[in-house]
Amino acid sequence: MKNICLLGSTGYIGVNSLKVIKGSPHRYRIVALGAGKNIDLLLSQIQEFKPRFAAVINPDLAKKLKIRLNSRTNTEILYGTEGYIEIATLSDVDITIAAMTGSSGLLPTFSAVTVGKDVALANKEILVVAGSLLMKESKKGGGKIFPIDSEHSAIQQSIQGHRREDLKRIILTGSGGPFKDFSLERLSKVTPEEALKHPKWRMGRKISIDSATMLNKGVEAIEAKWLFNVEMDQIEILLHPQSIIHSMVEYMDGSIIAQLARPDMRIPISYALSYPRHLRGELPSLDLSDIGKLSFEKPDKNKFRCLDLSLAAGKIGESMPAVLNGANEVAVNAFLEGKISFLEIPQLIEETMERHETFPLNSIDQAIEADQWAQSRAKEILERIVGN
Ligand code: MG
């Protein structure tokens, strides 16, 4: 029986994690749930899974939640970063699922890794903002990191049972998002509503925009660099619109091992929780004759500038990926609020990166500092763009 702390329980990954956990009640037990502001959903999750602890973002929401629970369960309610850290590091937690979006998940995830918890990692920001620190800390703490992202899960599955020194390169696949075949002219006019409609995956708002700009694919390359200890030059991005192959690994002799599956997050979530086993799930077998064809193409980096910018940030390293992350957060919000166009997202990120003098990251605080520096700079640049 594995005791689980789930950070981000009301988000897309959180809800799917609970489906996986519910499907194996003899294997997994929820000890703690961490959510942001969606206390309606959290309330029903508490009633169903009866965790010992739950944490929300602030004291006001904690109070509301307590009133609504009205001592129907013995769940203790905590709040804020302190609350998230406390539940992520509870002594009887075996694995913490880090599925909070944005920077609120950074410190709790880092703390879990520091105390040696196994972490099933869905929170993208932490590897981008502080990848070197997280991997160092994980080594010291003695816990393992299991990626939940479908691409990294595929890479992990393709590496399993092979010798690391035989690995030549990683081929990171991506659907190309909803605008893959759009012209630059058409791209300049896309709306947030169009960008939120991903052809293959249903996801949260921020990650949907990051997929549409393809920044997400570059960010996944940075994550792969840290998770699998490879150089950025060893990672190739390949578009694969059917999203059946979730990534591949090439070995020195030219053999390529790929992982294929339905595009459904329950598969990588289940593997992260049961590694190295592939346990029975509720999805039907994949019929490849139904799919018919698998196709591949190179991404157009001229159209999708964010892909190039994120790969460049990964190569430059040090504080630059944190700056990319901070600038992108501001740019995506501005796009969702209708303040800037789709093509102004990379413009905002690029200008912020240009103004940054990189520095080495020696602590998580420095990483957060670089991220926040980028957010302030990006907001200044944004005001100028909007003013014109
Ligand atoms: Mg992905």
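1. Nonpolar core. In this predicted model, the largest nonpolar core has 87 residues. The residues with the most contacts inside this core are Ile 87, Leu 324, Ile 340, Ile 345, Leu 348 and Ile 349. Among the elements that build it, helix H15, spanning residues 320-336, gives the most, with 11 residues.

2. Surroundings of Leu 324. Leaving aside residues up to four places away in sequence, Leu 324 touches Leu 215, Val 219, Ile 222, Leu 309, Ser 310, Ala 313, Ile 349 and Met 353. One of these, Ile 349, is itself listed with the most contacts inside the largest core.

3. Another core, of 35 residues, lies apart from the largest one. Its members include Tyr 28, Ile 30, Ile 46 and Phe 146.

4. Strands E5 and E6. Strand E5 (residues 95-98) pairs with strand E6 (residues 118-121) in the parallel sense, over four bridges. Ile 95 has Asp 118 of E6 as its bridge partner. Between the two strands the chain passes through helix H5 (residues 106-114), and this β-α-β crossover is right-handed.

5. Strands E6 and E7. E6 also runs parallel to strand E7 (residues 145-147), to which three bridges join it. Here Leu 121 has Pro 147 of E7 as its bridge partner.

6. Magnesium site. The protein donors of the magnesium ion are Asp 149 (OD), Glu 151 (OE) and Glu 220 (OE), which lie 2.1 to 2.4 Å from the ion. Along the chain these donors follow the spacing D-x1-E-x68-E. Asp 149 and Glu 151 are both buried.

7. Cysteines. The structure holds zero disulfides. A disulfide is a covalent bond between the sulfur atoms of two cysteines. Cys 5 counts as buried because its relative accessibility is 0%, below the 20% limit for that class. Cys 306 counts as buried too, because its relative accessibility is 2%.

Note on methods. Residues numbered from 1 in each chain as written. Predicted model: local features only at pLDDT ≥ 70, side-chain atom pairs only at ≥ 80, totals over all residues. Heavy atoms only, no water. Pairing = 2+ DSSP bridges. Right-handed = clockwise from strand over helix to strand, strands pointing away. Core = buried A, V, L, I, M, F, W, Y, C linked by side-chain atoms within 4.5 Å. Buried < 20%, exposed > 50% of the residue type's maximum accessible area, 1.4 Å probe, protein only. Contact = heavy atoms within 4.5 Å. Disulfide = S-S within 2.5 Å. Donors = N, O, S within 2.8 Å, 3.2 Å for Na, K, Ca; no water.
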